[in-house]
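User: I would like to learn how to read the features of a protein model step by step. Could you take me through this one?

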Amino acid sequence: MTINENTKTTLHEMGLNAYEIDTYIALINGGKMTAMEISEKAQVPYSKIYDALNSLKEKGWIKSGENRPTKYYPIPPIEATRATKIRLEDKYTIWENTIAENLQPLYEQKEIIERPEMLILRGQQAVLTKLDEMLKMTTKEIVVAAPKFAKPIIAIADPWFNNLKKNIKIQLMITGNPTDGTSFKTTNTTREIRLRDHMFGGGIIVDGKEAMLFLGDEKPSLVIWSAHIGIVSFAREYFQFLWNTSTTSP
């Protein structure tokens with residue numbers, strides 16, 4: 001059995017080199033085999049076969065028996081794919097933390113590129129990416145005004161709120177009935193919910209420094225992020241006015 005180039009490209013993108021791909025495919029076709037048998041079937045030089053086999057074992061694509069001579073066999077592709085996903089997610093977390101701790105402070109200190117004070121966010125992914133960035137920088141408080149059309153975004157971001165630093169105060173103002181707020185659960189923060197019958201637009205403000213504004217009535221017509229002190233201050237004051245005139249959630 002041969003595989004198409006698209007599958008080989010996918011395996012390569014998942015971290016397997018050419019020898020490893022040929023070795024794994026040979027095991028898929030032949031079942032349990034010794035290193036010599038795999039080398040012949042996969043047409044991988046014998047001087048390279050153990051490097052490929054050891055790497056595939058480390059990456060979670062194959063296993064080996066304990067008897068002599070050692071025989072190798074493939075892990076089911078779906079299981080290997082899941083193991084690769086977990087491994088890459090763990091790596092990404094390490095990469096992200098390293099960059100955030102070492103390069104980002106240097107970038108902000110040197111002000112290599114002037115940070116824009118306002119951005120128009122187009123598409124849900126752009127909104128979620130910016131929201132994730134805002135929440136990770138939060139140290140004190142988050143205020144959220146969530147009209148009906150913004151609730152799906154808040155729901156998607158809900159796990160991020162659970163990963164916030166401790167002792168961050170959250171004020172959540174939503175439209176609808178009291179049960180709408182029960183799905184918004186946080187474990188590390190102080191949370192307060194209030195209700196309004198209607199809101200024209202909404203937004204999220206963190207630490208009084210950054211604001212993401214949702215403009216619209218039945219659906220968002222425009223999503224804006226801003227760190228402009230005047231815009232953020234006005235948004236925070238307007239939120240407080242709405243908050244003071246809203247109903248406390250039971």
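**Reading the model**

Analyst: Helices (H or I, at least four residues) and strands (E, at least two) are DSSP runs, numbered from the N terminus. This is a predicted model, in which local features need pLDDT of at least 70 and side-chain atom pairs count only at pLDDT 80 or more, while totals for chains, interfaces and linings use all residues. Residues are numbered from 1 along each chain as its sequence is written, and side-chain values use heavy atoms, with hydrogens and water left out.

User: How should I read the spacing of residues along a helix, and what span does α6 reach from its first C-alpha to its last?

Analyst: An α-helix has 3.6 residues a turn, so residues three or four places apart point the same way. Helix α6 covers residues 124-136, and its 13 residues reach 18 Å from first to last C-alpha, close to the 18 Å expected at 1.5 Å a residue; the expected span is 1.5 Å times one less than the number of residues.

User: How do I read a sheet, and in what order do the strands of the open sheet with β1 lie?

Analyst: Two strands pair if DSSP finds at least two bridges between them. Here three strands form an open sheet in the order β1-β3-β2, with antiparallel pairing. The edge strands, β1 (33-34) and β2 (62-64), each pair on one side only. Helix α2 (residues 18-30) packs on this sheet and touches β1, β2 and β3, its direction making about 90° with that of β3. Contact means heavy atoms within 4.5 Å, and the angle, on a scale from 0 to 180 degrees, is taken between N-to-C directions of lines fitted to C-alpha atoms, for helices over the stretch in contact. Between β2 and β3 (residues 71-74) there are three antiparallel bridges, and Ile62 has Pro74 of β3 as its bridge partner.

User: Why is strand β5 described as largely enclosed?

Analyst: Six of the six residues of β5 (residues 141-146) are buried, so the strand is largely enclosed by the rest of the structure. Glu141, Val143 and Ala145 point one way, while Ile142, Val144 and Ala146 point the other way, and all are buried. Strand β5 pairs in the parallel sense with β6 (residues 168-175) over six bridges, where Ile142 stands opposite Ile170. With β8 (residues 202-206), β5 runs antiparallel and is joined by four bridges, and Val143 stands opposite Ile205 there.

User: What should I look for in the backbone angles, and which peptide bond is cis, with omega near -5°?

Analyst: Most residues other than glycine have a negative phi, and most peptide bonds are trans. In this model the bond from Arg68 to Pro69 is cis, with omega near -5°, and Pro69 lies in the loop between β2 and β3. Gln43, although not a glycine, has a positive phi of about 60°; Gln43 sits in the loop between α3 (35-42) and α4 (46-58).

User: Asp207 also has a positive phi; is Asp207 buried or exposed?

Analyst: Asp207, with a phi of about 55°, counts as buried at 17% relative accessibility, and its place is the loop between β8 and β9 (210-216). Gln43, by contrast, is exposed, with a relative accessible area of 71%.

Note on methods: Buried means under 20% relative accessible area, exposed over 50%, partly exposed in between (1.4 Å probe, protein chains only).
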